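Please read the points alongside the coordinates.

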Amino acid sequence: MTLKPRAVVAGSRAPHVRILAPASSARAERLRAGAGALAVLGYTVSFGEHAQGRCPPYFAATVEERLADLHEGFRDPAVDVLMCTRGGYGSNYLLESIDLDLVRSHAKPLFGYSDLTAMETWLMDRTGLVTFHGPMLAADFYREDGVDERSFAGALGGELLEYGAQQGLRSLRWGRAEGTVYGGCLTLLTSLLGTRFAPQTEGKLLFLEDVGVKPYQVDRMLRQLRMAGKLEGVCGVMFGEMSDCGAEAGSQDQRMLEDAILGALDWGVAGGFQGPVAMGLRSGHVSRANVTVPLNVQAELVVDEEPVLRLREPAVVR
């Protein structure tokens, strides 16, 4: 069952965004700039008690402190939206101790990507929570052109958003599919295989994105997903911008990356993945204007001359 948070619309009342750091620490100047950008958009910003901290070797705080901030963010009735500072590494330490009943009882929009993929897929799989693959405070909001404001506000407000060429989407293999949008950072999804936190991909429109990995590494991770049975029952596959992965338009590596993706999905034998494949959706690790994509909602993917991903239901309760 899908668990949707309440709609959040900036207006006469400034919605309250609580900033969390479930993984790595962030630079103080980026936190300040990001908070200022959110305030300009009409949001009130507060920080979790340990969200601005540092804990060796690379965390924002101890496991117990990061977990306490997460729980308090869900519990606090004054908080409307939860947003992570950045990814980095460390949210996997929290998975075993997250209070799933608390999340079920206090559903709220949660924004994150990168390392937060582990936490978001776990919450989606175990509670049904709709999460938001989109901008983070010290990764995107601090930049002048870091956030696609239209999709950010639209997703929170419950609009039936569409994503097409303007959001970077392009066709790799034509087709049409309907399913639940699901996924995140490819490296993180692969790292969860063989654990009880492994992603549940059957019946999904699988969104995969990453940064700084070579075409053969993308091929290897897709093959690992396939050998783990995680491509069985997948309806369609969308890739992100794949920043610094050889996806730069017109480059020799772009063709290599696209060939690697299609080859890994087909895997050279009968029975390979036959659904539509698109690429370039500018959400997560991106060069600019990070697009918000709600996860765990129904959508339609049409891949043809003008590819489009259409949400079939709002991400929130209006």
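Which residues lie nearest the centre of the largest pocket?

1. Basis. This is a predicted model, in which local features need pLDDT of at least 70 and side-chain atom pairs count only at pLDDT 80 or more, while totals for chains, interfaces and linings use all residues. Residues are numbered from 1 along each chain as its sequence is written, and side-chain values use heavy atoms, with hydrogens and water left out.

2. Largest pocket. Arg86, Tyr113, Met136, Ala139 and His285 lie nearest its centre, among 17 lining residues. A pocket here is an open set of points on a 1 Å grid over the protein atoms alone, with protein on both sides within 12 Å along at least five of seven lines; lining residues have an atom within 4 Å of a point. The space amounts to about 250 Å³, a volume being the space filled by probe spheres set on points joined across faces, edges and corners. Helix H5 (residues 137-141) gives the most to this lining, with three residues; helices are DSSP runs (H or I, at least four residues) numbered from the N terminus.

3. Lining classes. Seven nonpolar, six polar and four charged residues make up the lining of the largest pocket. Ala, Val, Leu, Ile, Met, Phe, Trp, Tyr, Cys and Pro count as nonpolar, Asp, Glu, Lys and Arg as charged, and the others, Gly among them, as polar. The second largest pocket holds about 160 Å³, and its lining has six nonpolar, no polar and five charged residues. Lys4, Arg6, Arg13, Asp80 and Lys108 are among the residues that line this second pocket.

4. Core packing. The largest nonpolar core has 67 residues, and Leu38, Met83 and Phe152 are among those with the most contacts inside it. Such a core is a set of buried Ala, Val, Leu, Ile, Met, Phe, Trp, Tyr and Cys residues joined through side-chain atoms within 4.5 Å. Apart from it lies another core of 27 residues, including Leu67 and Met136. Beyond its neighbours within four places in sequence, Met83 has contacts (heavy atoms within 4.5 Å) that include Leu38, Met136 and Phe152.

5. Cysteines. The whole structure contains zero disulfides, a disulfide being a pair of cysteine sulfur atoms within 2.5 Å. Cys84 cannot form one because its sulfur is 14 Å from the closest cysteine sulfur, in Cys185, too far for a bond. Cys84 is buried, with a relative accessible area of 1%, where buried means under 20% (1.4 Å probe, protein chains only).

How values were computed. Buried < 20%, exposed > 50% of the residue type's maximum accessible area, 1.4 Å probe, protein only. 1 Å grid on protein atoms, 1.4 Å probe; cavity = no way out; pocket = protein on both sides within 12 Å on 5 of 7 lines; lining within 4 Å. Helix = DSSP H or I, 4+ residues; strand = E, 2+ residues; numbered from the N terminus.
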